[in-house]
Amino acid sequence: MLNFYPGPSKVYPEVRTYLTDAYDEGMLGTPHRGEQFVQLSRAVVGSIKRKLNIPQDYYVFFATSATECWEILTQSLTTKKSFHIYNGSFGEKWYQYAKKLRPNAEGLQYDANEPLPVEQLNISSDTELICFTQNETSNGTQVSSTTILNLHNRYRSTLTAVDATSSMAGLNLKLIKADIWFASVQKCFGLPAGLAVLACSPRTIFRAKQINERAHYNSLVTMYEKMLNYQTTHTPNVLNIYLLKRMLEDRPFIKQIDLELSDRAQDLYTFFSQFTDMKPLIENEEVRSKTVIAVQASERLVDDIKKRALHHNIRLGNGYGAWARNTFRIANFPAILNEEYEELKRFFLHYYA
Ligand SMILES: *Cc1c(COP(=O)(O)O)cnc(C)c1O
């Protein structure tokens, strides 16, 4: 089966070996307060900073999902409100979750074919957290590093949180330009679901300590205190943390991965621009995602493509949210091989050219 689903997505084939190694090394029943786990956890934090270009002074935490990160940030870093800038389903869901905990949270929706409108923003000074999605998995758009820099320059004193679930470990993100970044591992990390990585700037921790919210098992200050000893507040997903360690050790630096993915994204957009009855959903090249390619066609054709692809053992991503029926999505994730995209292209040329 060729799997182009943008999450959960294809896992690295090496995961099979890592799994048996985890068993053989006694990782599966190891106590999470013991030396073996602490060593593992310390090693992962080191590798993730080195391989993904995470600034040395940022703090790295483990959570179970990106959704959990949304909640952690709202409960532990806002007392009144956050401000959410979004153009698709995941950004909107984050906003909805925030509103359940902090009803004063505010949101601004913008057009999927436009860059995030930094100049038009009107964010009040009592906003505690600015939130946006770097790569909107639902519609295949991304926020460029220039835009992130502009946002950072305009609201320097406000904490900024970035959902990078479908780009972290795929793109060379400039983490220094925002305070908080997070991703779950079932997308670009090429690992099974059930783990998320959360990276926070020093001033994020400073703020969390000021607020000192301790009402939850996953309150950020408690997570921070435990992580001083490379531990977690609860029994974590040790297996997945182990897989993460092995995967990071075996992969090149993120700069290299980013180059390869960017080339492949370019190639895929060119490829899907040649058909008469389908085209990339996002026309503005400046905001096109490099890791999730959304292709638009009539509902009938989309249905036909997905069915026929499955018949040929090719799993495409369904459309999502507002684009559920008239788009399909193709993950451009590092675990998927160039040969697999060549096979995908042959399929489209054979049936739809
Ligand atoms: C997949 C995804 C999520 C949700 O991730 P979970 O690990 O299921 O919570 C959130 N945001 C974005 C941008 C995603 O792509």
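In the classes used here, Ala, Val, Leu, Ile, Met, Phe, Trp, Tyr, Cys and Pro count as nonpolar, Asp, Glu, Lys and Arg as charged, and the others, Gly among them, as polar. The model described below is a predicted one.

**The largest cavity**

The structure holds 5 cavities of 30 Å³ or more, and the largest of them has a volume of about 70 Å³. Its lining divides into 9 nonpolar and 2 charged residues, with no polar residue present. Among the residues that line this cavity are Tyr12, Cys188 and Pro252, together with Lys51 and Arg251. Three helices, α2 (35-52), α8 (238-250) and α9 (254-272), each supply at least two residues of that lining.

**The ligand and its surroundings**

The ligand is surrounded by 13 residues, of which Thr67, Thr137, Asp163, Ser184 and Lys187 are the closest. By class, this shell has 8 polar, 3 nonpolar and 2 charged residues, and helix α3 (residues 66-77) gives the most to it, with 3 residues.

| Residue | Distance from a polar side-chain atom to a ligand oxygen atom |
|---|---|
| Ser184 | 2.7 Å |
| Lys187 | 2.7 Å |

Taken alone, the ligand exposes 390 Å², and the protein buries 87% of that area.

Key: Residues numbered from 1 in each chain as written. Predicted model: local features only at pLDDT ≥ 70, side-chain atom pairs only at ≥ 80, totals over all residues. Heavy atoms only, no water. 1 Å grid on protein atoms, 1.4 Å probe; cavity = no way out; pocket = protein on both sides within 12 Å on 5 of 7 lines; lining within 4 Å. Points joined across faces, edges and corners; volume = space filled by probe spheres on them. Helix = DSSP H or I, 4+ residues; strand = E, 2+ residues; numbered from the N terminus. Near = heavy atom within 4 Å. Polar contact = N/O pair within 3.5 Å; in protein donor to acceptor, adjacent residues only side chain to side chain. Areas by Shrake-Rupley, 256 points an atom, 1.4 Å probe, with all protein chains shown as cover.
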